Amino acid sequence: MPATMTHQMFALDIIETLKDTYPMLSEKSHILMLATQGPDPFFFYRTLPWQHANDTERIRNIGSKLHHQTPSKHLKALYEKATSSKDDDLIVYMIGAIMHYILDKYVHPYVFSCSGFSKEGQLDPPYHIYHSHMETLMDVALKNKHNIHIKKIHPAKNMKLKKQLLYKIDHLYHQSYPEFVTSKDFYKAAKDMYRVYAFVFDTYSIKRKLIKLLLGKHAHAYAITHPISLKGEEDMDVLNLNHRTWYHTETNEASTEDVIMLMNRAKKDMIQIIHDIVNNKIDFFKWTQEINYDGLTQTGTHTYQSSLFSLWRKSQ
């Protein structure tokens with residue numbers, strides 16, 4: 001992904017930049033806070049240990065399909081259904097979902113390169129823990145860097161929408177992807193995402209300490225739980241502000257860009273995309289170039305890594 005707060009901060013930055021040009025984004029920012037999570041809510045379906053359902057694997061796999069499917073195809077489907085509805089709520093949601101893709105496309109190669117992956121290029125254990133932990137620390141580092149109050153980007157409260165609105169978005173997903181999304185799939189997944197973050201997040205990190213005590217630092221629940229600060233973890237420059245070299249996981253291209261630079265490139269693209277959407281002249285292939293959410297081409301795999309974060313993690 002990047003994690004929840006980073007996506008919300010990205011949306012807030014664009015809202016501020018375009019507040020005079022497109023005030024609807026500001027007026028419906030509560031929708032954008034969920035929309036900018038993209039397909040990620042599907043991954044949260046039935047993830048709490050006491051939750052069980054027969055359709056768990058199918059609904060979680062929706063998130064994987066949307067992340068790895070041809071991006072121009074699936075984003076165009078969402079765009080067409082949202083715009084044809086002429087419903088401002090759904091149009092804003094669609095814009096937020098595209099924000100999620102754009103930010104992932106730029107930042108994910110850095111995260112994968114630093115947090116690592118298996119020989120097969122997958123987030124097999126323990127790399128899924130390293131990946132989530134790094135993204136969680138990035139959330140905190142960016143929040144501190146930009147001095148943003150937690151109320152603006154709270155991972156549980158800010159993304160919570162009223163039932164009627166959530167059902168509208170659920171229907172948008174069902175209409176856009178009828179071949180593998182059924183009615184209430186998104187609704188149920190989003191509700192579970194609320195529950196997960198309500199369970200693991202608190203302003204004072206008391207729950208984080210309890211989770212570490214009960215489950216250990218290698219638990220996924222601990223990896224997605226935000227600390228108050230990065231005290232004790234300063235030696236891991238998660239934003240790469242010192243501009244160390246990292247390598248694109250598919251192309252092996254070297255870069256010293258930091259996360260803020262990557263986010264600014266994503267912002268530039270997203271602003272142009274919003275202009276194109278408003279003017280009804282969007283070319284999905286042109287701006288996706290069929291690069292998926294992981295920053296890979298459709299036939300590409302994760303091969304090269306710098307393992308900055310995974311090596312640091314193993315030393316803890």
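This report covers a helix pair, a surface patch and some backbone features of a predicted model.

## Helix 4 against helix 9

Helix 4 spans residues 56-68, and helix 9 spans residues 185-200. Their axes come within 11 Å. The crossing angle is roughly 90 degrees, so helix 4 is roughly perpendicular to helix 9.

The contact involves residues from both helices. Helix 4 contributes Arg58, Ile59 and Ile62. These meet Asp185, Lys188 and Ala189 of helix 9.

## A nonpolar surface patch

Tyr204, Ile206, Leu210, Leu213, Leu214, Leu215 and Ile228 make up a nonpolar patch on the surface. Together they have about 830 Å² of accessible area.

Leucine 213 lies in helix 10, which runs over residues 206-215. Its relative accessibility is 69%. Leucine 213 therefore counts as exposed, the cut-off being over 50%.

## A cis peptide bond

Proline 125 and proline 126 are joined by a cis peptide bond. Omega there is about 5 degrees. Proline 126 sits in the loop between helix 6 (88-115) and helix 7 (127-146).

## Positive phi outside glycine

Lysine 86 is not a glycine, yet its phi is positive, near 55 degrees. Lysine 86 lies in the loop between helix 5 (71-85) and helix 6. With 71% relative accessibility, lysine 86 counts as exposed.

Glutamate 290 also has a positive phi, about 55 degrees, without being a glycine. Glutamate 290 belongs to the loop between helix 13 (284-288) and helix 14 (308-314). Is glutamate 290 buried or exposed? Its relative accessible area is 16%, so glutamate 290 is buried; the limit for that class is under 20%.

Definitions and conventions. Residues are numbered from 1 along each chain as its sequence is written. This is a predicted model: local features need pLDDT of at least 70, side-chain atom pairs count only at pLDDT 80 or more; totals for chains, interfaces and linings use all residues. Side-chain values use heavy atoms; hydrogens and water are left out. Patches are made of residues with over 30% relative accessible area and no salt bridge: like charges are joined within 9 Å, nonpolar side chains (Val, Leu, Ile, Met, Phe, Trp, Tyr) within 5 Å. Accessible areas come from the Shrake-Rupley method with a 1.4 Å probe; for residues, only the protein chains shown count as cover. A salt bridge is a side-chain nitrogen of Lys or Arg within 4 Å of a carboxyl oxygen of Asp or Glu. Helices (H or I, at least four residues) and strands (E, at least two) are DSSP runs, numbered from the N terminus. Buried means under 20% relative accessible area, exposed over 50%, partly exposed in between (1.4 Å probe, protein chains only). Axes are lines fitted to C-alpha atoms, for helices over the stretch in contact, and angles run from 0 to 180 degrees between N-to-C directions. Angles under 35 degrees count as roughly parallel, over 145 as roughly antiparallel, 65 to 115 as roughly perpendicular and the rest as oblique. Contact means heavy atoms within 4.5 Å.
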